[in-house]
Amino acid sequence: MTISVRRLSDVLATTASGRLYRIEVFSHADRRAGTPITTGYILRTTEGERVIALGERRSRLKSGEVLTALPPAAAPRHDA
């Protein structure tokens, strides 16, 4: 049995009141012998609070506050 956890890119999200959160995203793969690979995601704030995914770009904290992910920043262009 092999369980693999890998950190993905962080996501910035904000609440309706304007508070900004950094959400750490991890992929969790469970490779048990004889079963298909099961992949899930673990989301938490930098303070360690669990974040529940609600759908595209939306998530919720344990307190009930709903977060909306900000669009990722564009990569800087390096013109030659």
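Which residue does Glu24 form a salt bridge with, and how far apart are the closest N and O atoms? The partner is Arg7, and the closest N and O atoms of the pair are 3.5 Å apart. Here a salt bridge means a side-chain nitrogen of Lys or Arg within 4 Å of a carboxyl oxygen of Asp or Glu.

Before going on, a word on the model: it is predicted, so local features need pLDDT of at least 70 and side-chain atom pairs count only at pLDDT 80 or more, while totals for chains, interfaces and linings use all residues. Residues are numbered from 1 along each chain as its sequence is written, and side-chain values use heavy atoms, with hydrogens and water left out.

A search of the whole structure turns up four salt bridges, including these:

| Pair | N to O distance |
|---|---|
| Arg7 and Asp10 | 2.9 Å |
| Glu24 and Arg7 | 3.5 Å |
| Arg44 and Glu24 | 2.6 Å |

Let's look at Glu24 and Arg7 again, whose closest N and O atoms are 3.5 Å apart. Glu24 sits in strand β3 (residues 20-31) and Arg7 in strand β1 (residues 2-7), so this pair ties together parts 17 residues apart in sequence. Strands are DSSP runs of E with at least two residues, numbered from the N terminus.

Glu24 also pairs with Arg44. Arg44 belongs to strand β4 (residues 38-45) and Glu24 to strand β3, so the contact joins parts that are 20 residues apart in sequence.

How accessible are these side chains? Glu24 is buried at 10% relative accessible area, buried meaning under 20%, exposed over 50% and partly exposed in between (1.4 Å probe, protein chains only). Arg7 is partly exposed at 45%, as are Arg44 at 35% and Asp10 at 29%.

Finally, Arg7, Asp10, Arg22, Glu24 and Arg44 are linked in a network of salt bridges.

Notes
Helices (H or I, at least four residues) and strands (E, at least two) are DSSP runs, numbered from the N terminus.
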